[in-house]
Amino acid sequence: MTELSHHSQIWTYRTPRARLLLWGGWLALVALFVYCWQVMTARTMWVFVWDAPTQAADIGSRMMPPRWSYLPELMGPLWDTINIATLGTLGGVIMAVPIAFVAARNTSPSLLILRPIALFIIVASRSINSLIWALLLVAIIGPGLLAGIIAIALRSIGFIGKLLYEAIEETDAKQIEAITATGASGVQVLSYAIVPQIMPAFWGITVFRWDINIRESAILGLVGAGGIGLKLNASLNTLAWGQISVILLLILGTVVVSEWVSSKMRHAII
Amino acid sequence: MSSAYPTSWKRPPQIIKDRRWRIAIQIGIVVYLVLAISTVDVNWARVYEGLERGQRFIMGFLQPDFTSRWRDISTGLVESLTMTLTSTVVGVAISVPIGIGAARNIAPHWIYAICRSIIAVSRALQEIIIAIFLVAMFGFGPFAGFLTLSFATIGFIAKLLADDIEEIEEAQAEAIRATGASWWQVVNYAVQPQVMPRLIGLSLYRLDINFRESAVIGIVGAGGIGATLNTAISRYEYDSAGAILLIIIAIVMVAEYSSSYLRKFLQ
C-alpha cells in the first residue's frame, strides 16, 4: 500500500523548488519592467501619443504620391553613398587586419601589453555607432564624403577585427606546425600557414561588412557626412514628404540589391 | 631518375582559378577606385583647420569631464537604460508569437506568409529612419525611442526564433504528438524546451544591441544619451562628449561580458 502512494504523485515538468525560483525570476523581471516604464514615461506628453494615429494618417497622405521627378537628382548622392560604403570598408579592412593579428592569441607579438590594447580598440570601435563617429568627424574635419568614409572605416575596424581574430584563433595548429617544421620564418608561417586558412572567412566578413556599410552610409548624411542622407535631411527639414518617400524607396532598393550581391558572393566564396 | 625535382614552387591561386578573370577583376577594381576617389572632393584647408579641434577632442577623451554636465548625462543615461530594458521586454514579448507564426513547420501557410512579411519590413528599415517617423508621430522623447527599439527587436528576435524553431529535432515533436497532444501542448512541451536557451541568449544579446542603438536614435530626437551627446558635440564641449563616449563604451563592455557569461551559464 505504501508503494502505491508513491505512484500517485502527478508528473510535473519541474521540481517545486525550480518552479518557485522561476516564478520569482519572472516576478523580478516584471517589477523591473514596470519600474523602468514608470521612469521612462514620467515626462511623456500623452496628448502627442494619443494624437499619433491622426499624425500618421496625415504624414501618410502627404507621402503617398511619391515625387518621381526627384529621382534623377538622387543618382549623384547614391553614387556617393556607395563610395562611402566601399572606400570605408576598404579603409576599415586595412586598419583591422594588423589589429586582428595583434589581438589573436596565437599570433600576438605580446600578450601582456599589445593584445589588451588591440582588444580595447576593437571594443571601442564596436560600441560606438558609425553615426556617432560621423557626428564627431563632421565637427572635426568638416562636412563631406571624407568624414563619412572615415566614420564607416572606424566603425568597421571593430566588426572585422573581432570576427577575423576569432578566425585566426580557430586556425588548425597542425598546418602551422608543418610549415614551421620546414624551417619557415615568422613571416613565412603567417603567409603560408595562417593566411590560406583564414582567407575564405576574411572575404566573407569583408563582403558582409560592406553590405552593412551600405545601409549605414545611407543615413550618415543626416549629420552632414555626405551621400543620400543629405538629401533625406534636406527633404525632412523642408517637410517635402513626397521626396522623402522616393528617397526611402531608393534606399530600400539599394539595401535589397546589396544584400542580394553579398549573399551571392558569400555563397560563391564559402 | 633523370627527372630533376623542381627547385621552386608557386602557391596556386585560391579563390578565382581562371587567370583572365583575375586580370579583369583587378582592372575593374583599379578603374572603380580611380573613379570613386576622383569624386571625393576634400577641402584640405578645412581638414587642416579641423586638426586643432581633433586634437582638443582627443585631449577631451583623455581628460574626460564627468562633473560639469553630470545632471544632463545622468538624465540621458537613465532614459537610455530604461528605454533599452522596456523595449527589449516588449519587443521579445511581441516577437515570440510572430516567431512561432513564421516557423514553417508549426504554422499554417497564410499565417507564415503574414509573419514573414512583418519580419521583412522590420529588418529592412533602419532604426534611424523608423525613429524619424515615430518622432514625427509621437513627439520628442524616450517614448518614440522605446517604440523604435521595440520594432527593431521584433525583426531580429522573431527571425532568429523562427529559424530556430524550423530546425528543431522533429522526433521530439512527433513523440509529443503521439501522446495525443494538442497544438498548444506540442509547442509547450516539444518546441519550447528546445528553443528556450537560445531565445534567452538572443534576448540578452538584443538588450546589448538596443543599448548601443539607444545611444544613436537620440540624434534624431528620440531621447536617451544620444541626445545629450549630440548637444555636447554641437556645443564643442569635447571633454563632456569624451566622458559620454567613455560611459557608453564602459556600459557596452560590461553588458557584453555579462551577457556572454550569462549565456554560457544558461546553455
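This is a predicted model: local features need pLDDT of at least 70, side-chain atom pairs count only at pLDDT 80 or more; totals for chains, interfaces and linings use all residues.
Let's start at Leu164 of chain A.

Now widen the view. Leu164(A) belongs to the largest nonpolar core, which has 135 residues. Together with Ala134(A), Leu164(A) has the most contacts inside that core. Which helix gives the largest share? That is α7(A), with 17 residues. As background, nonpolar side chains in soluble globular proteins tend to be buried together.

Next, the domains of chain A. The assignment gives domain 1 as 2–52 and domain 2 as 67–269. Their C-alpha centres lie 41 Å apart.

On to the interface. Here 48 residues of chain A are in contact with 46 residues of chain B. Several helices of chain A each supply at least two residues to that side, among them α2 (16–41), α4 (75–103) and α11 (241–269). What is the make-up of the chain A side by class? There are 36 nonpolar, nine polar and three charged residues.

Last, chain B. The count is 10 helices and zero strands. Its C-alpha trace spans about 85 × 75 × 35 Å along the principal axes. The radius of gyration of chain B is 26 Å, whereas a compact globule of 267 residues would have one near 18 Å. Buried or exposed? Buried residues make up 41% of chain B. Now take contacts in chain B between residues at least 6 apart in sequence: 71% of them join residues at least 24 apart.

Conventions
Residues are numbered from 1 along each chain as its sequence is written. Chains are lettered from A and ligands numbered from 1 in the order in which they are written. Two residues are in contact if their C-beta atoms, placed from the backbone, lie within 7 Å. Helices (H or I, at least four residues) and strands (E, at least two) are DSSP runs, numbered from the N terminus. Ala, Val, Leu, Ile, Met, Phe, Trp, Tyr, Cys and Pro count as nonpolar, Asp, Glu, Lys and Arg as charged, and the others, Gly among them, as polar. A nonpolar core is a set of buried Ala, Val, Leu, Ile, Met, Phe, Trp, Tyr and Cys residues joined through C-beta atoms within 7 Å. A residue is buried if 20 or more other C-beta atoms lie within 10 Å of its own, exposed if 12 or fewer, and partly exposed in between; C-beta atoms are placed from the backbone. Domain bounds come from an automatic or database domain assignment. The radius of gyration is taken over C-alpha atoms; the globule rule is 2.2 Å times the number of residues to the power 0.38.
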